[in-house]
Amino acid sequence: MIFMNCDVLVIGGGHAGVEAAMAVSKMGLRTYLVTIAKDKIGEMSCNPAIGGLAKGHLVREIDAMGGQMGKLIDATGIQFRMLNSSKGPATRGPRAQADRLLYQRSAEELIDNQGFISVCEGIVKKINMIGDKAVGVEMLSGEVFTSQAIVLCAGTFLNGLIHVGLDRTPAGRRGEPASIGFSDSLREIGFEVGRLKTGTCPRLDSRTIDYSKTEQQPGDVTPCLFSFFSNGMQQRQISCHITYTTEETQRVIETNLDRSPLYTGVIEGVGPRYCPSIEDKVKRFPEKRRHQIFLEPEGLSVPDVYPNGLSTSLPVDVQLKFLRTIPGLEKVEILKPGYAIEYDFFPPTQLYPTLRTKKIDNLFFAGQINGTSGYEEAAAQGLVAGINAALFVKGEDSLVLTRQNSYIGVLIDDLVTKGTEEPYRMFTSRAEFRLLLRQDNADLRLCDIGKRVGLLGIADYEVFCRKREKIENEKAKLRSIRLKPNIHDAEGLGGKIPGDGILLSDLLKRPEVTLENLPGYQPPPDLTQAEKEQIEIFFRYEGYIARQERLLEKATRSENKEFPQPFDFKAVPGISMEIREKLEKLRPLNLGQAARISGVTPAALIVLHIYLEKISALRKSGPSL
C-alpha cells in the first residue's frame, strides 16, 4: 500500500476543484488534486459559456479575490456580450462564449504550472477517519492519501447515472466512469444524501446547419472582459445564431413522451426548475407555440454546435426527428446526443458558511454536491472552500462572505440556511442589496479580502489600488467644481442650471450627462472606461446607494448578533418545539441566519434576540447562565 501526504487534498477536477486547488496552493500549502481524468480538468460538461445574469457577478467576484475563472474565460472567449445592457447597472451581467477545448486545456495547463499542486488520477473509495477527524482517503487502486484537510468537489460523479431514452449507463459524464460507493461511505459516517438530476443538449454538426434560416447574434463591439487584471481578449470573435422550435417540434416531443425517462418514472432525482429540458417546456407550457434556441459554436477549430435551450434525454432517434423540425436544422446531424444525469448530493444545511461540514471539522464540500447548478456557482464555492481549508490548516480565522458584501455570500448563505431540493441557480433577485453588489464594482468590494487571505497577488493588488485612488481623486474633484449659470448652454445638460450654480457631481445625476460631455471638466488621459463608468454610476445612483447602505447598516447590526458557541437552543424558553428542532439541526451562527431558516417565525426571532441580550447583560455583570 502506497502512502502519500499533503496539506490539503482536493477531490475532483471540475470548476470547483480548479479554484479550490489553486487557492490552497497560492496560499503556500502542498495540494493534491485527485481527478478521474487529468485531461478533463476544467471540462465544460454542458454549455460552452461562462457568466450571464448574476452568474457573471460570481465570476467577477471570484476574479477580484484572486480566483481563476475570469482569466480563463478572457483567454479563451470567442464571443463576449453584456446582458441587460439597456437596463440599470445592478441587473447587467457579462457572458462569454468559450472555445470549450481551449478552456479545458488552459485550465489543465494552469494546474500543471502552479507550484505546490500534484495531480493524481484515480477514483476515491472512502474517506479515512480517526475518531471524528478525516485523515485522508483510500483509492480504489489501494493508494492512500493523507492530509490535514479535504475539499470534496465531486460534481455529478457520485453514483452518477446517465439516461438517454430508457437506456441507463453508470457514468459521471459521458465517457467517464462514475464514482460508485463513495457517497455511501459518507452516509455511513452520518451525512444525509439526496438525489438530483441535470441534463445537457445534443451537439450538432455545424456543417449540416443552414444558417440562412436563422438570426445572427454578434458579440459586443467593445467587449467587457471578466478579469479586472486581464491581458485582454485573445481569440478571434464569432457570431452565434438564433432559431425557434415549431408546432411540429412540439408534436414530435409530445408523441414520444412515453419513451422519456422523465415521464416514465425512470429518473428519481429532481431537475433544475430554471433550466428545464425541452420535454419539460413542452409539457409544462403547452400554450407556448415556440421556444427560442441559441446555436452556440463550441470552438474555433471544431464543428460542434451547442443548441442552448434543447436539453433533452429523449432517445437519439427522437432527438434527431424533433431537431429536423426546427428552421435551419432540417438536415442537421447529431455529433453527440443529449442526455440526463442523476447524481448524489449532500443537502448543504450540513455545512457552515465556511463550507466546512458540521460533522467533520477538516472536511469541506464545494460545487454540485451541495445542490447547485452551473460552472460559476461551483467555482465560487471551490474558491471559498479552498481558502478556508488553507486557513484551517494554518490555524487562522476562517473567511465568511456575507449577503451584504457579495453574491458569493448570498449563494452560500442561501445554501447553508435554506438548503435546496432542486439544483440551485443564482439570480440577481436573490440579493437584497443588489445595487451595492454590481458586477462592475466587485473589485472595490472584494480585492482587499483577497489580499488579506493571501490569494490576490501583489501586482494585481497594486493595479487595483491605483484604480481605486484614481476614482476617489476624480470624485473629489467633481464635488469641488461648481458650474455657473448662463456660462454654458443648458441644451444637452438635462435642463437649466440653478441660479447659484451646480456642482459637477450633482450634474452627473442627470441621465443626459456623462463625463465625456460634462462642461468644465476634462478627464485625465489615463482614466479608463471602466473607471469613468464607476464614477458615473456612483453619482447617478448616489441617493439610492446611500439608502441601501443605511438599510444595510441596520440589517447588519441585527443580523450580526451571534449565538455564543456552543449554544443550547433547547434552553431558550418561549419557542415552539418545531422551531427549536430546526435550530438544533441547522445550528445558525447568528440571528441573520436564523431568520432565513424556513419556518422560523418573527416571534421566535424576537425571543432569540431578547435571550441574547439577556446573556450579554449577565456576562457584563459577572454571573453566567
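**Exercise 1.** Which residue's side chain meets that of Arg203 in a salt bridge?

*Before you start.* You're working with a predicted model, where local features need pLDDT of at least 70, side-chain atom pairs count only at pLDDT 80 or more, and totals for chains, interfaces and linings use all residues. Residues are numbered from 1 along each chain as its sequence is written, and side-chain values use heavy atoms, leaving out hydrogens and water.

*Solution.*
- Step 1: Recall the cut-off: a salt bridge is a side-chain nitrogen of Lys or Arg within 4 Å of a carboxyl oxygen of Asp or Glu.
- Step 2: The partner is Glu298, at 2.9 Å from N to O.
- Step 3: Arg203 sits in strand E15 (residues 203–205) and Glu298 in the loop between strand E18 (292–297) and strand E19 (304–308), so this pair ties together parts that are 95 residues apart in sequence. Helices (H or I, at least four residues) and strands (E, at least two) are DSSP runs, numbered from the N terminus.
- Step 4: Check burial, where buried means under 20% relative accessible area, exposed over 50%, and partly exposed in between (1.4 Å probe, protein chains only). Arg203, at 7%, is buried, and Glu298, at 2%, is buried too.

**Exercise 2.** Find the salt-bridge partners of Lys71 and Arg468, and say what each pair ties together.

*Solution.*
- Step 1: Lys71 pairs up with Asp460 at 3.4 Å, N to O.
- Step 2: Lys71 belongs to helix H3 (residues 69–76) and Asp460 to helix H12 (residues 458–480), so parts 389 residues apart in sequence get tied together.
- Step 3: Arg468 meets Asp448 at 2.8 Å, N to O.
- Step 4: Here Arg468 is in helix H12 and Asp448 in helix H11 (residues 442–452), so the linked parts are 20 residues apart in sequence.
- Step 5: Now accessibility: Lys71 is partly exposed at 30%, Arg468 is partly exposed at 27%, and Asp448 is partly exposed at 32%.

**Exercise 3.** How many salt bridges does a search of the whole structure find?

*Solution.*
- Step 1: The search turns up 45.
- Step 2: Some residues join up in a network of salt bridges: Arg403, Asp413, Asp414, Lys418, Glu432 and Arg596.

**Exercise 4.** Which residues of helix H5 are buried, and what covers them?

*Solution.*
- Step 1: In H5 (residues 182–189), pick out Phe182, Ser183, Ser185 and Leu186.
- Step 2: Look down the axis of H5: these residues fall within an arc of 155°, so they line one face of the helix. The arc is taken from the directions from the helix axis to the C-beta atoms.
- Step 3: Their cover includes strands E2 (8–11), E8 (124–130), E11 (149–152), E21 (339–345) and E22 (363–365), with contact meaning heavy atoms within 4.5 Å.
- Step 4: After H5 comes Gly190, with a positive phi near 130°.
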